[in-house]
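Subject: Structure handover

Hello,

Here is the structure for your files. Please open it first, then read the notes below.

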Amino acid sequence: MEKFKIPHVPQTTLKSIRFPNDMIEEIEDAIQGKECTFSAFVIEAVRIALLNLKEDSSQSGE
């Protein structure tokens, strides 16, 4: 059996950004009924976007 470890919560900083209203509606529709917050959805989307950018730059030889 795996031992319990106290989870590490990453340090966060509050950033206030503006979203177009239509994007807010789409995100809220996408997460409705799921155990996901608006912030968690946006953080994951940005994380994937950053990974994609890294992959693109490494493939182009930059």
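Arg-47 and Glu-44 sit 3 residues apart in helix H2, so about one helical turn separates them. Their side chains meet in a salt bridge, with 2.7 Å from N to O. The term means a side-chain nitrogen of Lys or Arg within 4 Å of a carboxyl oxygen of Asp or Glu. By this rule the count is 1 salt bridge. In general, side chains of opposite charge can pair when their charged atoms come close. Arg-47 is partly exposed, at 41% relative accessible area. Glu-44 is partly exposed too, at 38%. (Buried is under 20% relative accessible area, exposed is over 50%, and partly exposed is in between, with a 1.4 Å probe and protein chains only.)

Two points on provenance. This is a predicted model, in which local features need pLDDT of at least 70 and side-chain atom pairs count only at pLDDT 80 or more, while totals for chains, interfaces and linings use all residues. Residues are numbered from 1 along each chain as its sequence is written, and side-chain values use heavy atoms, leaving out hydrogens and water.

Now the overall build. The chain has 2 helices and 0 strands. (Both are DSSP runs numbered from the N terminus: helices are H or I with at least four residues, strands are E with at least two.) The chain is more spread out than a compact globule, because its radius of gyration is 16 Å, well over the 11 Å that the globule rule gives for 62 residues. (That radius is taken over C-alpha atoms; the rule is 2.2 Å times the number of residues to the power 0.38.) Along the principal axes, the C-alpha atoms fill a box of roughly 45 × 35 × 25 Å. Buried residues make up 5% of the 62. The accessible surface is about 6,400 Å², and carbon and sulfur atoms hold 57% of that. (Areas come from the Shrake-Rupley method with a 1.4 Å probe; for residues, only the protein chains shown count as cover.)

Next, the surface patches. (A patch takes residues with over 30% relative accessible area and no salt bridge; like charges are joined within 9 Å, nonpolar side chains (Val, Leu, Ile, Met, Phe, Trp, Tyr) within 5 Å.) Val-46, Leu-50 and Leu-53 make a nonpolar patch of about 280 Å². Val-46 lies in helix H2, residues 38–59. Its relative accessible area is 44%, so Val-46 is partly exposed.

Asp-22, Glu-25, Glu-26, Glu-28 and Asp-29 form a negative patch. Glu-28 belongs to helix H1, residues 21–31. Glu-28 counts as partly exposed, at 44% relative accessibility.

On charge overall, the chain has 7 positive and 11 negative charges, and their mean positions are 12 Å apart. (Lys and Arg count as positive, Asp and Glu as negative; His and the chain ends are not counted. Each charge is placed at NZ of Lys, CZ of Arg, CG of Asp or CD of Glu.)

Last, two distances. Met-23 is in helix H1 and is partly exposed at 38%. From Met-23 to Ser-39 is 16 residues in sequence and 13 Å in space, C-alpha to C-alpha. Thr-37 is in the loop between H1 and H2. Thr-37 is partly exposed, at 48% relative accessibility.

Best wishes
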